[in-house]
Every structure is written in structure tokens, then in C-alpha cells.
Amino acid sequence: MGIKTSQIAAAAEASGVAGFPEFGAAIITVDSSVLVPGVFSRVVLTGSSPMPLLMPPSPTHGLLVGFAVTDESAGGGLSLNGNGKLIQPANQSPPASSFALKSGAQSGLLRFDLASDLWCFVSTAATIVQPPG
Amino acid sequence: MGQKTSQIGPALAAQGGGFTPFSLAEVTLDGSVLLPGVLNRVVLTGSDPMSLLMPPSPTHNMLVGIVVTDAALAGSNLLDGNGKQIQAQGSLAPTQQLISGGLSPARSAILLFDGDSDHWIFVATNGNIGGPK
């Protein structure tokens, strides 16, 4: 008996190895919005600098949260708040409850690690430069 | 009939193991058009920058990745939106973005196309996260 695509998708989702996350349906346009798990939340800058965003409350192990600013040309940074949990920063910095993100087409993908009880960046986009001229 | 783990593994592997898989073909020429849905393996041509084109007429949530497999050779990549803009760093979105080695020579990036804003957005690349605020 063959294996159905629907079975594969369900199995992948259940095992937490579903494919790379897509954009979320909703667009975040308000300060202090709570990010949606499982997708890249599309963020439209409010004009606040930094614009505060909250991680989902009471995260479970492996919970994945992404965000991407869609109007980076508006300028301004983001402030990511762990909403009760710490966020692991760049190398040689201690975890903190809130981080400002700077320099780049702002986007990030984080997972919650229950063992260390903090959010870990698994990717981000920060060092992108325009071509000369 | 239940589904065997041995069935799920190969099925997931065929899909890329649940994450964005490498492309089968290698990109070895200047001006090549990147394939959607995969991490395109790029072999540097010696041009600095080496030009690469995004897929034409992208659809919402289309994913395109690149990984330079011989970054030890140095040289940068110039990513051309091929008719669409690529979101830049705190500025207007031009049609081309230069991806430089920066702090990490293993250059890689994943972009998603946002149909609402009609441009490509970096959702992952080698970069930094700002310190606590």
C-alpha cells in the first residue's frame, strides 16, 4: 500500500519537522502585538522606534515564531519582548527579557527551548548591504 | 492500516526532510536564475560580485534559498529581483541586493515573496542580533 501525501503532511506536522514556515495570513500593524506561532508574522512598522512586539505567552518546547518587516523602507527598529520568558541574544551576551533588533531587513525565526526555558534565534537577516553606486 | 516509521522517513527525505532541501543542480554561471523552493547550491564563478536572478513572476510565499558551497574562494553575490524589488536595509527596496561575506564567509540566505508588498524579503541570512536594550 502506498503512502498518501496527506499522511506525510500529518506525520511531518506531528513530528515537528514540517517544512520552512510561510508568511502568516494576518499583518501586524499595532504596537505590542503578540506574534503568531508557526508562521512568519508580517509586520508593518507603526512609526514607534523601536516598535514593541511580544512573543506568544506560555510557549511549549519547540514552538516556532517568525517575523518579517514588510516596509523596512519606513525605518525604525523592533523591540522583541519575551512576554515572561528570556530571549537568547547574540554571542557573548546574557539572555534578556527584551531585545532591540537593528541593522538589516528585519526578520527573525525563533524556537522555544524548554530545557533552557528561553527563546533561541535560529535565524535572522541583519547583514545585507546595497550594491555600490 | 497504520503508517510505518520506515515509510515516513523516506517520504520526508524525498520532500527535503521537512526543511528546505538543496537543489539537485549547482549554479555555476553568472546571471543564473535561482530555483524556487530549494536552497540553490552556488559555486562562485570568480566574478565579484557574481550575479544571480530571482525567479520571474513569483507567487505569494514563494521561497528561494542560496548557499555558496565554496565561500572560501571569497567574492560576493549580487541578487537581482528580476522585475521585483528586494527589501533592503532600512531604505527603499531596490531591484538588486549585494550579499557580502560580512562576519561569516559561509554565505547563505532564504527569501520569501510577499504578494501584498510585492517584494522579496530576506527571512534568513548570516547576520547579527543587537544587544539588550
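**Group meeting: a predicted two-chain model**

In chain B, among contacts between residues at least 6 apart in sequence, 53% join residues at least 24 apart. For chain A, residues 24 or more positions apart account for 51% of the contacts with a separation of 6 or more.

Let me turn to the secondary structure. Chain A contains one helix and 10 strands, and chain B likewise has one helix and 10 strands. Along the sequence of chain A the order is α-β-β-β-β-β-β-β-β-β-β. For chain B, the pattern reads α-β-β-β-β-β-β-β-β-β-β.

Next, burial. Of the 133 residues in chain A, 32% are buried. In chain B, buried residues make up 32% of its 133 residues. In soluble globular proteins, nonpolar side chains tend to be buried together. Here, the largest nonpolar core comprises 45 residues, and those with the most contacts inside it are L111(B) and V123(B).

What is L111(B) in contact with, once its neighbours within four places in sequence are left aside? The partners are V64(B), W120(B), I121(B), F122(B) and V123(B).

I would now ask you to look at V33(B), which belongs to strand β2 of chain B, residues 32-33. Is V33(B) buried or partly exposed? V33(B) is partly exposed, because it has 15 C-beta neighbours inside 10 Å, whereas a buried residue requires 20 or more. Leaving aside neighbours within four places in sequence, V33(B) makes contact with L53(B) and P55(B). From V33(B) to S51(B), the C-alpha to C-alpha distance is 9.4 Å, and the two residues are 18 apart in sequence.

Finally, confidence. The model scores ipTM 0.76 and pTM 0.79. Chain B has a mean pLDDT of 75, with 66% of its residues reaching 70 or more. Over residues 100-105 of chain B, pLDDT stays under 50, and the model has 13 contacts beyond four places in sequence for this stretch. Residues 127-133 of chain B also have pLDDT below 50, and the model gives that stretch 31 contacts beyond near neighbours in sequence. Where pLDDT is low, the predicted coordinates should not be read in detail.

Notes:
Residues numbered from 1 in each chain as written. Chains lettered and ligands numbered in written order. Predicted model: local features only at pLDDT ≥ 70, side-chain atom pairs only at ≥ 80, totals over all residues. Helix = DSSP H or I, 4+ residues; strand = E, 2+ residues; numbered from the N terminus. Buried ≥ 20, exposed ≤ 12 C-beta atoms within 10 Å, placed from the backbone. Contact = placed C-beta atoms within 7 Å. Core = buried A, V, L, I, M, F, W, Y, C linked by C-beta atoms within 7 Å. pLDDT = per-residue confidence, 0-100.
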